[in-house]
Amino acid sequence: MPKLSSDDKFLDVSDYGRPFARTFVSRIQYTDITPVQVTFLFGISGLIAVYCILNGLYLTAGLFLIIKSILDAADWELARVKNRPSYTGRYLDSIFDIFLNLLVFGAVWYVTDTSLLLAALAFLSVQLQGTLYNYYYVILRHNTEGGEKTSKIMENERPNAFPVESQRTVDFLYDTYNVLYIAFDKLIYYLDQDASDAPIFPKWFMTLISIYGLGFQLLIISFMLSTGLTGFIIYFFIGYNVFLLIFIGIRKAFLR
């Protein structure tokens with residue numbers, strides 16, 4: 001099923017890779033390739049991007065970050081067309097994302113003169129920004145008819161595994177996800193606890209929020225890598241936090 005009904009879909013600028021993902025999936029949907037295997041493939045693409053950054057191949061690194069975004073969309077598309085949803089893929093996707101983000105910012109720190117503390121702050125900033133986007137997006141899906149509800153507004157209990165997956169694997173990945181994401185989830189929830197009780201978010205608001213989606217964040221990094229702005233990536237994402245309180249303020253002031 002789609003994440004949102006056609007009536008509720010908005011322009012998601014972080015989801016630019018979706019058309020390419022659908023083309024890719026159309027060519028593999030009748031093969032034995034599974035969605036989780038595509039998830040591993042996007043993890044490999046991210047690792048190649050990190051390797052390229054460390055070796056000064058910035059244009060190639062940017063290309064592989066975009067490929068990673070396309071494959072990130074493709075695993076969900078493949079699960080949809082094969083009618084094979086899984087919590088394994090849902091948690092593995094997020095676990096790969098956070099480790100790849102850490103490695104990308106670690107690599108950028110290594111090849112620039114930026115301090116390690118600022119690099120860590122930029123990484124934490126990216127994670128918090130992405131958590132805000134996901135928080136509002138999951139709420140929208142739960143509050144609209146026909147929205148996908150595999151993701152929970154607050155991941156506070158182990159889900160029951162689907163028939164195609166192991167409960168032990170789901171439990172392990174759920175626990176790992178919580179260790180990695182619980183601080184970000186709780187902070188965003190603390191900043192806007194009443195968001196789930198608000199009216200359905202309008203499309204313009206969700207489009208604004210989507211600049212915090214991981215796909216758009218990686219697109220920005222790819223652009224900066226490819227245009228000689230590698231040394232400004234860490235500073236940019238720290239400054240990018242300015243929209244956090246603006247978005248939350250808009251939600252609290254006008255969408256309640």
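**Exercise 1.** Describe the contact between aspartate 175 and arginine 158.

*Solution.* Begin with the contact itself: the side chains of aspartate 175 and arginine 158 form a salt bridge (a side-chain nitrogen of Lys or Arg within 4 Å of a carboxyl oxygen of Asp or Glu), with 2.9 Å from N to O. Helices here are DSSP runs (H or I, at least four residues), numbered from the N terminus.

The model is predicted, and local features need pLDDT of at least 70, side-chain atom pairs pLDDT 80 or more, whereas totals for chains, interfaces and linings use all residues. Residues are numbered from 1 along each chain as its sequence is written, and side-chain values use heavy atoms, leaving out hydrogens and water.

**Exercise 2.** Are glutamate 77 and arginine 22 buried or exposed, and what joins them?

*Solution.* First, glutamate 77 and arginine 22 form a salt bridge whose closest N and O atoms are 3.3 Å apart. Because glutamate 77 lies in helix H3 (residues 58-81) and arginine 22 in helix H1 (residues 18-28), the pair ties together parts that are 55 residues apart in sequence. Then consider accessibility, where buried means under 20% relative accessible area, exposed over 50% and partly exposed in between (1.4 Å probe, protein chains only): glutamate 77 is buried at 1%, whereas arginine 22 is partly exposed at 44%.

Note on methods
Helices (H or I, at least four residues) and strands (E, at least two) are DSSP runs, numbered from the N terminus.
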